[in-house]
Structure formats: structure tokens, C-alpha cells
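Please open the structure in your viewer and keep the sequence beside it.

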Amino acid sequence: MDISKRPDPVMAKDFENVTLSSGIIHSFTEIDYDRMSSFPLGKVSNGCDIFICSVTCPDSANTFMRDIVPRLKSGEALIMANYVRSDEDLNIWTRIFKLKAIYRPEAINQIYQAAYHGKLKSHNDVHKFLDSYLSNVPLERVYSSYNVKLAALSALFTTASLYKNFNVIQTPATVKSKEGSI
């Protein structure tokens, strides 16, 4: 199964009038994690850092390779959160979302490595990279409940939450998780 096909493009303005019902989730299931646009890297706990990045941000790639990777190699755990800066970012994220959550960090790592080494200079380059990367993904890594609208909503809600809770307006950023947020 080739999941590299690009979904129809979406735009943030397509989701301006979304209403959410309030609810409290007491424990997350694997299904919940697959719907998120943030993910743990290691065994996270309250007070750990959150690395806020945009998949197509060169500064995010540089910070990831120079700062985050060495921290992960030393055993530090943190949360990686996707921040959408533009409709182009959103459309790239909706493609990464085709993977189960556990495999999304690896895809981002591969994108950042290529960007860090100067191989990705535009959004189109990232799309071409994903064309190749996703065409080789084994079926067991595919998020079977994939839906482009769910992917877009997840990214937009994560971005709005990062802005509201941490006043993030640009990437990359590193903040401390708040007590009770994990």
C-alpha cells in the first residue's frame, strides 16, 4: 500500500467555525495518541521540556539536530509538539499524520536531517521527500483511521493550545510542561 499520495490541500480558514464539546479525558488510549500532533520522546513527566517545532522551519531543524538529538541521546525525555505556521505547514503535517503516532517522530527526524544537510530548501522539496519516504512505509506503520480533516484539526488545535498556554508565536521554542498537563 502506497500512502505517499498527497491528500487534497486544506487551509486553516476551512476550520474557522469548529465547535468542540468540552470533556475531560482521564486516561489516554492508543487511539487518542494517534490523534495527537504532539508526542513524547522518551518517558516524560511533569516539568519536562516541550520542543515546539514546525516541520518546515529551518531553525526547527537546526535546533533539533544541534540541541534536541544530543539531549535525547543522553537519556533526557521531552515532548515534541507540532506548530503550524502556514497552510503549507498544515498540508505537510496532514501527510505525516498518515503514520501512527509512534512513527511520526522518525519521519520528522528524517526530514530534519535532510534539511540540516541542505537537501530541503522549500515546501515542495519537503513534499518530494515525503513522496519517497511514505512510499516505503510498511503497512503496520500506517494510521488506519487517517482522515485529512482530523489531521488538520489536530495540528490546528495543538497550535492554538501552544499559543494559549505558552504564548508561542514562532518556532522553534522550548518551554516547560505545566504541572498536571501530562
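**First stop: a histidine**

Select histidine 127, which is buried because its relative accessible area is 9%, and a residue counts as buried when that value is under 20%. Bear in mind as you look that this is a predicted model. Histidine 127 has its place in helix 5, which covers residues 123-135. If you leave aside its neighbours within four places in sequence, the residues in contact with histidine 127 are Arg6, Glu88, Asn91, Ile92 and Arg95.

Now select helix 3 (residues 87-96) together with helix 6 (residues 148-166), which pack at an angle of about 120° with their axes 9 Å apart. That angle makes helix 3 oblique to helix 6, and the crossing of helix 3 and helix 6 is right-handed. To see where they meet, show the side chains of Leu90, Trp93 and Thr94 in helix 3, and those of Val148, Ala151, Ala152, Ala155 and Leu156 in helix 6.

Where does helix 2 bend? Look at phenylalanine 64, where helix 2 bends by about 40°. Phe64 is also among the buried residues of helix 2, as are Ser60, Ala61, Met65, Ile68, Val69 and Arg71. What covers these buried residues includes strand 2 (49-53), strand 3 (78-82), helix 4 (104-116) and strand 4 (173-176). Finally, step just past the end of helix 2 to glycine 75, which takes a positive phi of about 100°.

How values were computed: Residues numbered from 1 in each chain as written. Predicted model: local features only at pLDDT ≥ 70, side-chain atom pairs only at ≥ 80, totals over all residues. Heavy atoms only, no water. Bend = angle between axes of the 7 residues up to and from the residue. Helix = DSSP H or I, 4+ residues; strand = E, 2+ residues; numbered from the N terminus. Buried < 20%, exposed > 50% of the residue type's maximum accessible area, 1.4 Å probe, protein only. Contact = heavy atoms within 4.5 Å. Axes fitted to C-alpha atoms, helices over the stretch in contact; angles between N-to-C directions. Parallel < 35°, antiparallel > 145°, perpendicular 65-115°, else oblique. Left-handed = near helix turned anticlockwise from the far one by under 90°.
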